[in-house]
Amino acid sequence: MSGEILAINSGSSSLKFALFEAARPETPMGIRLRCRGQFSGLGNRARLELGEGFAGELGEAHDVALRDVPPELTHEMALARLLGWVEANPSLGDVQAVGHRIVHGGATYRAPLRLDEANRAELEQLVTLAPLHQPHGLAPVRALAGLRPSLPQVACFDTAFHVVQPDVAQTFPLPRHYRQQGMIRYGFHGLSFDYVSRALAEAVSGRRQSTATGRTIIAHLGNGASLCALRNGRSVAATTGFTALEGLMMGTRSGSLDPGLVLHLILQEGMSAEAVQRMLYQESGLLGVSGISGDMRELLASQAPEAAEAVELFVYRIVREIGSLAAALGGLDHLVFTAGIGERAAPVRAAVAQGCEWLGARLDPQANAAHATRIDADDSRLGLWVIPTDEERMIAWYTAAELLR
């Protein structure tokens, strides 16, 4: 198999992309990255950020066609531009397949899936389970079906990583027939947890061998946030559930609430279901509590007491959920921070580590401030790590496997 695999991670106004060699090494870390970047502000104020790989053989002479971005660029236009650039670049091979991050696979799709018209239609039916994500993940699939109808496309599901959880961790205490209808705890951010768990195993190789793939909690902390408990690299429990709304407080999402409060808002306060949905998904979390921003960077830089309250509540919810997941694991050996806040917000990591001192966490302040990979002190019983996630690498690795089937 030669050529390239294009990994796509699409949002409402953004399109992350990464190009990898079309090969299937033993681990995702072994697949060779050619380049990566991101279109943002699509549809209005489009711009392009070029990341790794855009130097040397992929230098200015070749990427000029990508850099010249019109403000009104749409997702479909961005994809067409990207494919055209790859096909016109002599240092790159042909795109053999495109892999996509699709948030929800429902009860049916529990592994990477080669897409066709029939299963694409079935995935469209899951939009109500992930309204902030599913439509945007499927949009480039539809666009590419029109742009390059013969190009293989593969869906990689965030929910698939969690299908190995025991039934007790997936079941809601509702009448039995609801579980039979697929109303279970699915869990999300699976591609991130999958990659980070593998990277952690490599990072601790040769050290702490008895716990290298033992009891781990990964904290994916970004605008969307969740925790996953893993034993020997396999998901045991997660904070997200039927939808990506449950669990931790997030940038604009509330996280877990008393369902009676939702009923009260509808039945007593007269809010429509649509208004409650909008509030819980778009007006709550860090944004709602602070009244300032859903961006952790702005809150940490603010002197407003409301900003401090929002950060405090964010940390409090994380620490409480870590306690719950540690109980599910019967103890804890490693705590890993990843995603935007987890990788870059040292004060948040410090506060979470302090809240986990009862679990044996001892932070190295200098290592934490430097965003080192290991941030635990020498006397820490709990391994503390900062490992950048790479969902696009997982997408490419799984897509390569589908091509070889």
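Q: What is the bridge partner of Val98 in E7?
A: Gln153. This is a predicted model, where local features need pLDDT of at least 70, side-chain atom pairs count only at pLDDT 80 or more, and totals for chains, interfaces and linings use all residues. Residues are numbered from 1 along each chain as its sequence is written, and side-chain values use heavy atoms, without hydrogens and water.

Q: How many bridges join E5 to E7, and do they run parallel or antiparallel?
A: Five bridges join E5 (residues 95–102) to E7 (residues 153–157), and the two strands run parallel. Strands here are DSSP runs of E with at least two residues, helices are runs of H or I with at least four, and both are numbered from the N terminus.

Q: What order do the strands of the sheet have?
A: E4-E3-E2-E1-E5-E7-E6, an open sheet of seven strands with mixed pairing. Two strands pair if DSSP finds at least two bridges between them.

Q: Which strands stand at the edges?
A: E4 (47–50) and E6 (113–114); each has a single partner strand, so one side of each lacks a neighbour in the sheet.

Q: Switching to helices. Which residues of H2 are buried?
A: His75, Ala78, Leu79, Leu82, Leu83, Trp85 and Val86. Buried means under 20% relative accessible area (1.4 Å probe, protein chains only).

Q: Where do they sit around the axis?
A: On the same side of H2, because they cover an arc of only 160 degrees. The arc is that of the directions from the helix axis to the C-beta atoms.

Key:
Buried means under 20% relative accessible area, exposed over 50%, partly exposed in between (1.4 Å probe, protein chains only).
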